[in-house]
Amino acid sequence: MTIRKAFNSKDDCDFVFTLSNDPIVRRNSFNQEIISYESHCKWYKSTVEDENTLFFLVFESDSFVGQIRFKRNDIYSEECVISLSISESCSGKHISEDFIRLGICELQNNWKNIKFIIAEVKDDNIASNKLFSNMEFELVSTVNTYKFNTKL
């Protein structure tokens with residue numbers, strides 16, 4: 001797998017749009033509504049340009065497999081929130097941990113002061129809850145919010 005920053009391009013926007021409206025991704029999202037292309041393009045542009053968001057696309061060979069983002073409050077933040085989506089075609093391939101580790105490596109290369117990563121996961125998203133727990137994210141609330149210490 002390879003990872004790179006998301007570009008403010010139609011191709012990258014379209015990759016993420018298609019993935020974002022995947023039925024499995026929608027079901028596991030806090031907002032389950034289908035996303036219109038127009039609102040997605042506005043969101044995508046502002047997210048790629050946001051200095052407090054790191055936005056990466058992940059590929060396996062030449063195939064897009066998913067996106068991973070890190071959002072902080074400001075440049076002084078010591079924690080950020082992780083958000084990711086992986087293509088259904090990669091389901092069952094056990095790549096999620098490697099996917100997240102790639103993202104965390106890029107996070108650490110870009111934002112040196114981040115000490116904690118917060119993962120907010122829906123209760124009924126059993127796979128993601130198990131994933132973050134197995135990756136040594138600590139469950140810090142009853143709404144399945146996990147926190148990872150990058151300074152271990």
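1. Start with the largest nonpolar core: it has 26 residues, and Ile 68, Phe 70, Ile 82, Leu 107, Ile 117, Phe 132 and Phe 137 touch the most other members. A nonpolar core here is a set of buried Ala, Val, Leu, Ile, Met, Phe, Trp, Tyr and Cys residues joined through side-chain atoms within 4.5 Å. Buried stands for under 20% relative accessible area, exposed for over 50%, and partly exposed for in between (1.4 Å probe, protein chains only).

2. A word on the source: this is a predicted model, where local features need pLDDT of at least 70 and side-chain atom pairs count only at pLDDT 80 or more, while totals for chains, interfaces and linings use all residues. Residues are numbered from 1 along each chain as its sequence is written, and side-chain values use heavy atoms, with hydrogens and water left out.

3. Back to that core of 26 residues. The elements giving two or more residues to this core are strands E2 (53–60), E3 (63–72), E4 (79–86), E5 (116–120) and E7 (145–149), plus helices H4 (96–110) and H5 (126–134). H4 gives the most, with four residues. Helices (H or I, at least four residues) and strands (E, at least two) are DSSP runs, numbered from the N terminus. Apart from this core lies another, of ten residues, including Ala 6, Val 16, Phe 59 and Phe 64.

4. Take Ile 82 next. Not counting residues up to four places away in sequence, Ile 82 touches Ile 68, Arg 69, Phe 70, Ile 100, Ile 117, Ile 118, Ala 119 and Phe 132; contact means heavy atoms within 4.5 Å.

5. On H4, the buried residues are Phe 99, Ile 100, Gly 103, Ile 104 and Leu 107. Seen down the axis, they fall within an arc of 130°, so they line one face of the helix. The arc is taken from the directions from the helix axis to the C-beta atoms.

6. Now the rings. There are ten aromatic pairs. One of them, Phe 132 with Phe 137, is edge-to-face, at 4.9 Å centre to centre and 75° between the planes. Rings of Phe, Tyr and Trp (its six-membered ring) pair if their centres lie within 6.5 Å; planes under 30 degrees apart are stacked, over 60 edge-to-face, the rest tilted. Phe 132 counts as buried at 5% relative accessibility, and Phe 137 is buried at 4%.
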